Amino acid sequence: MTISNDGELQALRQIGAIVARALAAMGKALEPGMTTAELDAIGRRFLERHGARPAPELAYDFPGATCISINEEIAHGIPGERRIRAGDLVNIDVSAEKDGFFGDTGASFPVPPVRPRLERLCRDGRRALWAGIGQVGTGKPLAGIGQAVGRFADKNGYTLVRNLASHGVGRSLHEEPTEIATWPDRRERRTMTDGLVFTVEPFLSLGADWAEQGDRDRWTLYSEPRAPTVQYEHTVVATPRGAVVLTLPG
C-alpha cells in the first residue's frame, strides 16, 4: 500500500496503535503456568473490544487470534494447551484489521528468571529492528534495511534467519512489496516510494539461519539449527523525513 491522503494515514495509525496495545497487554499478562490459548484469548478480547478483527484468522483461517511461539518455535505458533514455563522465550505476533486497514507488530518476551545471554539477545533484537528502521525513507534502497541489520548482527556475533522476510501491509496483511530481506541481499534493487507501507521484522539468533516447518502442524516454524531466536516487528511508512512507525501504543 502507498498512502495517498491523511485519512489513510490516520486509519493506519489507529489500527497500528490497537495491535501495539494488544501486544503490550499480552506481554504484561505473560506468566509461568498459563497456556498459550489463555494468552491468545487476552489478545483476542483486546482486539475485539476495540473493533478490530484478528488478521491471521481473517486472511488465512489461522487457528488463533495471534501467533505465539515458544523457544524452538520461532514463528506462526498455534495457541493451544502448551504451558508457558519460567525461563521460556515467547514470541507474540499480533496483526489485525479495522475499517479495511491492517497493522502488524510483534516482540519476543523472556519469562523470568532470564538467563543473561537471552536478556542480551532480546535487547539486541530490539536494536537490530531499529537499525533496519533507520534505513527507511522515500527514495532509499530497500536493500539498505537488510544491510544495516546484517552489519549489526555480524558486529555482535549473531546470525539472521534468512527465509522469514518483511512485507508490504496496509489494505491486506501481506501485499507488495513482498520478500523484503532483513539480511544482506545483493539481488535487491527496489527503492522505497513516498508513502510506502511495510513491516520491518528481523529474526536475530544465537545460531539459526533458517526457519523450517515441523511435522506437528502446517503452521509452526522452527529454528534450523535449533537456537534461541527473537523477532521484533513494526509497521512503518516511508517518508522524506525517514520512517513513521505506526505500531506504537500511543
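Guide: Start with the second largest pocket, which holds about 210 Å³ of space. This is a predicted model, where local features need pLDDT of at least 70 and side-chain atom pairs pLDDT 80 or more, while totals for chains, interfaces and linings use all residues. Residues are numbered from 1 along each chain as its sequence is written, and side-chain values use heavy atoms, without hydrogens and water.

Visitor: What makes a space a pocket and not a cavity?

Guide: Both are sets of points on a 1 Å grid over the protein atoms alone. In a cavity a 1.4 Å probe fits but cannot get out; a pocket is an open set with protein on both sides within 12 Å along at least five of seven lines. Points are joined across faces, edges and corners, and the volume is the space filled by probe spheres set on them.

Visitor: Which residues line the second largest pocket, closest to its centre?

Guide: Leu23, Thr105, Ala107, His234 and Thr247, out of 16 lining residues. Lining means having an atom within 4 Å of a point. Strand E5 (101–110) gives the most, four residues. Strands are DSSP runs of E, at least two residues; helices are runs of H or I, at least four.

Visitor: How many residues of each class line this second largest pocket?

Guide: 10 nonpolar, four polar and two charged. Asp, Glu, Lys and Arg count as charged; Ala, Val, Leu, Ile, Met, Phe, Trp, Tyr, Cys and Pro as nonpolar; the others, Gly among them, as polar.

Visitor: And what is the volume of the largest pocket?

Guide: About 490 Å³. Of its 24 lining residues, His76, Ala165, His167, His174 and Glu201 are the closest to its centre. Strand E4 (89–98) gives the most to this lining, three residues.

Visitor: How many cavities of 30 Å³ or more are there?

Guide: One. The lining includes Asn71, Glu73, Phe203 and Gln231. By class, that lining has five nonpolar, five polar and one charged residue.

Visitor: Why is a set of residues called a nonpolar core?

Guide: Because its members are buried Ala, Val, Leu, Ile, Met, Phe, Trp, Tyr and Cys residues joined through side-chain atoms within 4.5 Å. Buried means under 20% relative accessible area (1.4 Å probe, protein chains only). The largest core has 64 residues, and Phe198 and Leu204 touch the most other members. Helix H1 (6–29) gives the most to this core, nine residues. Apart from it lies another core of nine residues, including Ile74 and Leu221.

Note on methods: Buried < 20%, exposed > 50% of the residue type's maximum accessible area, 1.4 Å probe, protein only.
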